[in-house]
Amino acid sequence: MKTTFADLLASGRPVVADGGMGTMLFSAGMVRGHAPESWNVEHPDIVRGIHAAYIQAGAQIILTNTFGGNRIRLGMHKLAARTCLFNTAAVQLARSEADAAALPVVVGGSIGPTGALLEPHGELTLYEAVSAFEEQALALNGVDVFWIETMSDLEEVRAAITGCRKANADTPIVTTMTFDTNGRTMMGVKPEQATEALQNLGVIALGANCGNGPAEIEQVIEKMHRSSSAVLVAKANAGLPHMHGDIAVYDATPEVMAAYASRVLGQGARIIGACCGSTPDHIRAIANALQNIDTPIKDGKHS
Amino acid sequence: METLEIIRKAIIEGQAKQVEQEVKTALDNGIKASQILYEALIPAMAEVGRLYEEGEYFVPEMLISARAMKAGLGLLKPFLIGSDVKPVGKVAIATVQGDLHDIGKNLVSLMMEGAGFEIVDLGVNAEPEKFVNAVRDQQVNVVAMSALLTTTMTRMKDTIHALQEAGLRDKVKIIIGGAPITQAFADEIGADGYASDASQAVTLTKRLLALS
Ligand code: B1M
């Protein structure tokens, strides 16, 4: 059922977001080194099936399969020319599952990092970055919210937000960063700094995703909550993978993720989901855990 | 402050312009290029590595310092060629097949370069044959492999195997690293060593080549 991001929040309840997409594609047979976004065109039924499974499990927000869907990142796979195609296909797949769902579901247009470092640390210019994000955001036409995620550099976040606003100033923006290096992002950004910067940039919700597992994100959310009243998002990895023979196995079970969901809600998160290594089983466990808690939430803050 | 001390400090603070200027001054004042290299550039990068290891520096600081070091190194190179300063070793480095992460690999290259090694950068997504060709054709004596994905780590084993098949395994020392790599994994696949970060990679390589 179609709804808006603002309406989802207005319910006052915790909101369940989806889990990993890459992990699901790998278990569906995608090989390493392949661009996951190409599956929007090559295997649309699999991508659509993953969205459906997350919605079935209780996800109220699903993210398009476009994490690496900007031209710079796709260029690493020599697929830059297909940027627009992959993104528009992804929106259709997510949109059709969300709109057909029995309950209200929001589609977030996933926007990940370019994978290149901005000047002066790398070669990428601000102009190139903004253009790449604007191009992707334009192709993501039809999503309910732009979902900028797994960021580690605040400059790149600014570039992404600028690109989104140029493409469509009316679509709200959520931004989450990854705090996986001694409690900071790879580029050294602290949770408090991220919170302040993102609030000033006018995002509708902010938070953390990916990383080394639930415990790390819980600490980040606690810090963010202490320093702000923003609506907070937590999407933790199901731990880190280990090889069992030829397959990668993540160590956090659905039970572990359910426990994380209750804890991170108490620490101030309002939108809770998961990231790499998680499956619809993990999201079902999270949804069940959150359903059994009755804390009405006002303005993102718990009473 | 004496010139070498200023250069060291400027590198640690990532002031490329100042490094260039002071290296010129030092050369003009008759300080030997090799002395500038060994007493300013190399110790400065060692300190940067230490600050990163201790969580004081993050990727940006490290990259800016490395750039400052390279600015100085560029000025020294013409004087080092043909002098008594030979590269301490030649390293073929790359991220393994299927893996596109290169930030860590580049930091390792920069630190190695800062420590006096000659670098052959084979880029990312490097298949075993690339390493084999580099060892065969370019007189490399160290093979350095980086992997950031649990699923691409296993490619390191394939590379070692390919070097064995080509009869080149004994010609090189093989070092590996990257977030999911452990010493146990290095032992298991028969690498000569594992390093947890860029400055450790320098220490390890020097030890393997019996340079320190
Ligand atoms: C030879 O001897 C040596 C010795 C020491 C060596 C060495 C070699 N190599 C490294 N070292 C050591 O020295 C360095 C400096 O001291 C250190 O290097 P590092 O590389 O560890 O550290 C760097 C200085 C900074 N760190 C980094 O550069 C990596 C940071 C994180 C956030 C990361 C980034 C930036 C990226 N990613 Co990727 N990424 C993550 C990373 C999470 C993390 N914190 O590690 C990780 C590695 N990624 C992951 C994943 C899953 C992926 N990524 C992907 C893509 C990307 C970006 C392109 C967006 C970008 C790469 C940009 C680039 N140009 O490199 C995808 C894969 C693409 C591919 N085929 O390679 C994708 C599959 C995501 C997707 N679904 O598409 C996870 C891997 C999980 C696993 N263990 O398998 C991950 C741990 C994130 C996570 N928490 O889940 C040491 O390890």
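**View 1. A:L206 stands opposite A:L232 in β7(A).** In this predicted model, strand β6 (residues 205-210) and strand β7 (residues 232-236) of chain A pair in the parallel sense over 5 bridges; pairing requires at least two DSSP bridges. Helices (H or I, at least four residues) and strands (E, at least two) are DSSP runs, numbered from the N terminus. From β6(A) the chain crosses through helix α10 (residues 214-227) to β7(A), a right-handed β-α-β crossover, that is, clockwise from the first strand over the helix to the second with the strands pointing away from the viewer.

**View 2. Strand β5 (residues 173-177) of chain A runs parallel to β6(A).** The two are joined by 4 bridges, and A:T176 stands opposite A:G207. With helix α9 (residues 191-200) of chain A, β5(A) and β6(A) make a right-handed β-α-β unit. Because 6 of the 6 residues of β6(A) are buried, the strand is largely enclosed by the rest of the structure; buried means under 20% relative accessible area (1.4 Å probe, protein chains only).

**View 3. The ligand lies between chains A and B.** Of the 38 residues around the ligand (a heavy atom within 4 Å), those that come nearest are A:D180, B:L100, B:H101, B:D102 and B:T150. Nitrogen atoms of the ligand are 2.8 Å from a polar backbone atom of A:G115 and 3.0 Å from a backbone N or O atom of A:G211. α5(B) gives the most to the shell, with 4 residues.

Residues are numbered from 1 along each chain as its sequence is written, and chains are lettered from A and ligands numbered from 1 in the order written. Local features need pLDDT of at least 70 and side-chain atom pairs pLDDT 80 or more, while totals for chains, interfaces and linings use all residues; side-chain values use heavy atoms, without hydrogens and water.

Note on methods:
A polar contact is a pair of N or O atoms within 3.5 Å; within protein, one must be able to donate a hydrogen and the other to accept it, and residues adjacent in sequence count only if both atoms are side-chain atoms. Buried means under 20% relative accessible area, exposed over 50%, partly exposed in between (1.4 Å probe, protein chains only).
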